[in-house]
Amino acid sequence: MKRASSFSFPKQRRLTRPSEYERVKRDGLVRRGKLLMLSAATVENSGRSRVGFITSRRLGSAVARNRVRRRLREIVRRHQHDLRQDFWIVIVARRDAATASYRALEDEWLRLAKRASILP
RNA sequence: CGAUGGCAGAUGAUCGCUGGCGAGUCUCGCGUUGGCGGGACUUGCUGGAGGAAAGUCCGAACACCAUACGGCGGCAUGCCGCGUAAAAGACGCGGGCAUCACGGUUGAAAAACUGCGGUGACGGAGAGUGUCACAGAAAAGACACCGCCGGUUCUUUGGCAGCAAAGUGCAGGCAAGGGUGAAAAGGCGAGGUAAGAGCUCACCGCUCGCGGAGUAAUUCGCGAGGCAUGAAAAACCCCAUGCGGUGCAAGACAAAACAGAGGAAGGGCAGCCGGCCCGUUUGAUCCUCGGGUAUCGUCGCAUCACGGUCCCGCGACCGCGGGACUGGGCUCUCGUCCCGCGAUUGCGGGUCGGGAGAGAUAAAUGAUCAUCCCGGCUGAGAAAUUGGCCGGACAGAAUUCGGCUUAUCGCCAUCAAAAU
RNA sequence: GCCGGUGUAGCUUAACGUUAGAGCGACUGAAUCGUAAUCAGUAGAUGGAGGUUCGAUUCCUCCCGCCGGCU
């Protein structure tokens, strides 16, 4: 088991396959917020939870999409030790997320994660 | 304001992402040992967005498609020269011509000459088809509304009469003037005429020829012709020239299941046929094979299928594979020196030396904080100075390169006679 | 990433290069006790910027938006 002080968040901890996104979309529990939409599905014996991010063209230019995705990744990375295990999570950024600050996105994430019961 | 060129906030802390090269621990597979290959975790060093990476508007490389040739069609290009991989297929630089604006000189003016700058998809309307609304007589083989001119019929008036004047009708001549229009059939002046007309003449324009200058576009001079040639080809079209198509989601490789082909073994299993033993045959089983896929990948693809020396492994040598060091080529960049052009800045070329050379695939290059820097607003202070707030753009590689276009807060350097 | 198509009133659509029309909708008025239907009338548009042309929705160039195809 990793040390608690490590905040590393490599690619293995992210969802990368279309089939994985399809599974979360099919089985997942959806929580909708103003800035984000969060889906979480239970996957038995998968170890530490994995997260995928969706930033569509609706958010704006490539720069805006990259910024939102990087911020979301950073937020999840910082809170990864609070996450429960055996979850696959998909975070979809809504249009207002393009102009939201880092703090606003973080608050939204914490609120939705608690409602989805993936954070204690 | 403008033109050209350059830059695209800096430093640090903490936590990360991704490529490359390693190290350690654990573990899996293969192998008789040495070892080889993979996975997980920890960790070290090192590289990591742009001037437009954008739009995908041109062009090229590269790959595949009948090594793709000819014709039709289609598309593109279209003053000249040079540069570049790039004929007129991108673009840049210089020149020519046209046109526009402004300035200067001459002039009473019109205009002419000249300077600086802007613009130009700048072959052909002297091959054909079509178009030119409204207005206007007429809009393209010119025409005649008003008008001008002489002839003639009739009427009126004047006159003794020949005749003259006015009006009217008819058949003619003319295109000067008026008016319309975006545009009216060379312009202007003189002669000429009934009135007129390139009908004739001078000048200008146009066309052709000859000669000079220039690589050429073109231009200058001389001579001739005699007005024929309205606009528009970003209408169709004609002429000349060029172009095969598709695009890295191009394409190459590896590769399961199912189906297929060939074979084997055994009479061990199931079915069919013949009444049965048994035989025939089909399926299942096992092996092999080729083609094409799903999925997951590898390559294409990250400057170069370059050279040398040494070491290691297989190996008698040759050779093959891997590694280390080193040298070279290419591109960019910095510095030094030299050469050519130029009055300087500079431009072009070369020598030597230093530095650099992103590469993913749900897609890295980041987040937070602090300090400083730059710009704007503002408070305190006599000033030096100091405090607060806001802002630091446009924008994110996706096969690569050369251009073009578009977006862009600002800062720096140089230039800027006049006009705008 | 690569390659195509398309843009006219609020909506659906017309328009040889010479005044942008139509239907539905909106608004105003008439009529009705009132509403609908009906009748009369009004407003409203060429995605943007340049260019060619006497004149551009139309022809050309560059941007902008929308839609689609290719693993």
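Arginine 70 lies in helix 2, which spans residues 62–78; helices here are DSSP runs of H or I with at least four residues, strands are runs of E with at least two, and both are numbered from the N terminus. This is a predicted model, in which local features need pLDDT of at least 70 and side-chain atom pairs count only at pLDDT 80 or more, while totals for chains, interfaces and linings use all residues. Residues are numbered from 1 along each chain as its sequence is written, and chains are lettered from A and ligands numbered from 1 in the order in which they are written.

Arginine 70 is partly exposed, because 13 other C-beta atoms lie within 10 Å (buried means 20 or more such atoms within 10 Å, exposed 12 or fewer, partly exposed in between, with C-beta atoms placed from the backbone). Its C-alpha atom is separated by 9.5 Å from that of phenylalanine 53, 17 residues apart along the chain.

Chain A as a whole contains three helices and four strands, arranged along the sequence as α-β-β-β-α-β-α. Buried residues make up 25% of its 120 residues.

Leucine 36 touches, among others, Ile91, Ala97 and Trp109, leaving aside residues up to four places away in sequence, where contact means C-beta atoms, placed from the backbone, within 7 Å.

Conventions: Contact = placed C-beta atoms within 7 Å.
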